[in-house]
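Please keep the sequence and the structure at hand while reading.

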Amino acid sequence: MRAIVMREPGDADVLEMQEVERPAPGDGDLLVRVASSGVNRADLLQREGRYPAPAGYSEQVLGLEYAGTVEAVGHGVDRFAVGDAVMGITGGGGYAEFVVESASTAVAAPANLDLVQVGAVPEVFMTAFDAAFVQEGLLKDETLLVHAVGSGVGTAALQLGSRAGVTVIGTSRTPAKLERAAELGLTHGVVAEPGWPELIMKLTGGRGVDVILDLVGGPYLAGNQRVLAQRGRHIVVGVPGGLKAEIDLRALMGRRGSIRGTVLRARPVEEKAALARAFETQVLPGFDDGALQPVIDTVFPAAKASNAHRYMESNRNFGKILLEWG
Ligand SMILES: NC(=O)c1ccc[n+]([C@@H]2O[C@H](COP(=O)([O-])OP(=O)(O)OC[C@H]3O[C@@H](n4cnc5c(N)ncnc54)[C@H](OP(=O)(O)O)[C@@H]3O)[C@@H](O)[C@H]2O)c1
């Protein structure tokens, strides 16, 4: 099969299409013929040699998600059959014509979407749903702050929040992304420039926000502490801005607030399967009724994976970047 192989750690030029051995499904696995593979920030880090793949997953073939058609099933699989359209997250190896992953972590593709588009769903919608709703218990009538709201995860979180009746405030360094986010239901867009915490306090009538979905990290921590409401929950999902910052523990105590971090990739398969089941019942119907939609910036032919990486590095994308397997 064809796969995008990383020759060695380095810049985007180290990615190239190669013929590699097609994986075979083991007990409980699906072999999926991939229609599209999502590009994620973690892929850029892995390519640079800064984010090793978890045990059992390829170091050379990047890729954390797929959408495609079941080509074969391993022994004991009864949830899916050959020919079914599926999507899911994987620990690695997603930039390939075929992916093998546990059937327990796969989810039926939304029926009304083109299968290439479906590749824009799993990683960002599962991450946002899990962080804001499963882990932080975001409730209707609460306020959610999403940093980097124009990102893949940000646009998913924004839609999930709007659908749940949540007030969603989003930040971006790029004003044009806030305009586009408004079309997806963003309640307030805030340009991430000095003074953003004060503006958010003003927009919330001095109350602050209940949940912060943080896709930026270090440099926003001081501001996040200022805008956290009483009993507010801050969840750190991405840290492109920086890994370290000083925390004011008294401010956190005074708000009876919490801060936690999360990753999807390193979780045991049982936890990924539990998330997939919750996602099926609570999120999938939103694609069927049109409340949710994949937000796709660009679909690159898989052979142009280097260009896709460069594009993500430029921070110009609004929503997802995909690799299509034609
Ligand atoms: N924990 C997990 O399990 C998990 C899962 C998926 C993704 N993630 C993380 O979530 C984040 C979003 O992922 P994605 O794939 O949705 O990203 P994406 O679509 O590539 O968007 C990232 C956006 O973040 C903003 N940004 C980048 N560097 C920044 C900086 N230094 N300061 C402030 N803003 C910055 C940029 O938008 P503007 O500059 O225009 O605002 C950029 O377009 C990433 O950090 C990713 O690693 C984590």
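Which residue in β13 does H234 stand opposite?

## Parallel strands

The model is predicted, and in it H234 stands opposite I259 of β13. The strands concerned are β12 and β13 (residues 258-261), which run parallel and are joined by four bridges.

Strand β12 (residues 228-236) also runs parallel to β11 (residues 209-214), and five bridges join these two strands; among the paired positions, V211 has R233 in β12 as its bridge partner. Together with helix α7 (residues 221-227), β11 and β12 form a β-α-β unit that is right-handed.

## The shell around the ligand

There are 27 residues around the ligand, of which R41, S151, G152, T174 and G238 come nearest.

Helices α1 (41-47), α3 (122-135) and α4 (152-163) each supply at least two, and the largest share, three residues, comes from α3.

L322 lies in strand β15 (residues 320-324). This residue counts as buried because 25 other C-beta atoms lie within 10 Å, where the cut-off for burial is 20 or more.

Leaving aside residues up to four places away in sequence, L322 touches S36, S37, G38, V39, V116, G119, A120, I296 and V299. L322 and V5, by comparison, are 317 residues apart in sequence, and their C-alpha atoms are 16 Å apart in space.

How values were computed. Residues are numbered from 1 along each chain as its sequence is written. This is a predicted model: local features need pLDDT of at least 70, side-chain atom pairs count only at pLDDT 80 or more; totals for chains, interfaces and linings use all residues. A residue is near a molecule or strand if its C-beta atom, placed from the backbone, lies within 6 Å of it. A residue is buried if 20 or more other C-beta atoms lie within 10 Å of its own, exposed if 12 or fewer, and partly exposed in between; C-beta atoms are placed from the backbone. Two residues are in contact if their C-beta atoms, placed from the backbone, lie within 7 Å. Two strands pair if DSSP finds at least two bridges between them. A crossover is right-handed if, with the strands pointing away from the viewer, the path from the first strand over the helix to the second runs clockwise.
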